[in-house]
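Let's take a friendly walk through a protein model. Have the sequence and the 3D view ready before you read on.

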Amino acid sequence: CKVMAEGTKHPQKLLLFNLTSQRPFGLGTLKIREIMPIVPLTKLPHSHSAVIGTMSFRGSAVPVIDMAAAVGYPPLTAEERKTASIIVTDVQRQEIGFLVRSVRKIVETEWKKVMPPPKSLGDRAFITGLVDVEDQIVQLLDVELLLARVYPESVNPREVALTDVQRETLKGLNILLVDDSQVARKQLSDALDSKDVSYFVTTNGQDALDLMLNSSGEGKPIDILVSDIEMPGLDGYELTFNVRDSGSALKQPYIILHTSLNSEMSVSYAKQVGADEALTKFDAEELLHAMLRGAEQS
């Protein structure tokens, strides 16, 4: 398929930056609105210790987080702040500024080259993957986990009202959730747990594809696939393409791709590779109603 042949070669741009003098961190540039030098900040009372204030950005007040402090390193000193940079991001429909020690450069890589973080790092590591860039290991930052630690209330989905018929409709489906971010997995799971709806869950695209093939072989095919786009190895785009390209090996599910990127480009490309819907995560109500639309087509 021409779309995917071109898509697999489409590079992902990463901004490399430092929080300490050690190895660099990386952040996908699609999440980034602007990179700027430090500006005067307004202190916020009763905020998390890593939130160092707010700044004015294009007419809005944007909170600024000392990223080093948020992930467990010593906060930047007053002297270090003088030469620091602020990365303004657009994640999960909110603008957040991250103060970093230094910005290095933008590089190109591919999601298939990203390795999952070692299990020894545990669940509290703020890393979604590792990638070799110019013979140096770059740690890809898990922005969702970082924001969940700083703003715990943002993780708790509001209660969504469903009718009994809608809830029973979802209970009758085989649903698969795929996401490499533990915070996103919890949000997705909580939305279904609150309605007593069962589901399968995997942390990467390859495991999801294997599970779908096994389920199909057992006569219990997946009806609805909900997958993140940005994942190490087989990303959401490639997973969707492989499912759509599988022919008779799989009963075709209703595919919902979601991303923390508030990006029209992400949504457009999701449709090109065969997704039925694309959502900018996370909204429990949108997700459940997207699943109900999928149920109508199952």
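Val183 has a relative accessibility of 8%, and since buried means under 20%, Val183 counts as buried. Keep in mind that this is a predicted model. You'll find Val183 in helix α6, which covers residues 182-193. Val183 and Val143 sit 40 residues apart in the sequence, and their C-alpha atoms are 9.7 Å apart in space.

Next, have a look at strand β9, residues 127-133. Six of its seven residues are buried, so β9 is largely enclosed by the rest of the structure. Its partner is β10: the two strands pair in the antiparallel sense over six bridges.

The largest cavity has a volume of about 160 Å³. Its lining is made up of 18 residues, and Lys31, Trp111, Thr128, Leu141 and Glu230 lie nearest its centre. The elements that give two or more residues to this lining are β2, β10 and α4, and β2 has the largest share, with three residues.

| Residue type | Number in the lining |
|---|---|
| Nonpolar | six residues |
| Polar | five residues |

Note on methods. Residues are numbered from 1 along each chain as its sequence is written. This is a predicted model: local features need pLDDT of at least 70, side-chain atom pairs count only at pLDDT 80 or more; totals for chains, interfaces and linings use all residues. Side-chain values use heavy atoms; hydrogens and water are left out. Helices (H or I, at least four residues) and strands (E, at least two) are DSSP runs, numbered from the N terminus. Buried means under 20% relative accessible area, exposed over 50%, partly exposed in between (1.4 Å probe, protein chains only). On a 1 Å grid over the protein atoms alone, a cavity is a set of points where a 1.4 Å probe fits but cannot get out, and a pocket is an open set with protein on both sides within 12 Å along at least five of seven lines; lining residues have an atom within 4 Å of a point. Grid points are joined across faces, edges and corners, and a volume is the space filled by probe spheres set on the points. Ala, Val, Leu, Ile, Met, Phe, Trp, Tyr, Cys and Pro count as nonpolar, Asp, Glu, Lys and Arg as charged, and the others, Gly among them, as polar. Two strands pair if DSSP finds at least two bridges between them.
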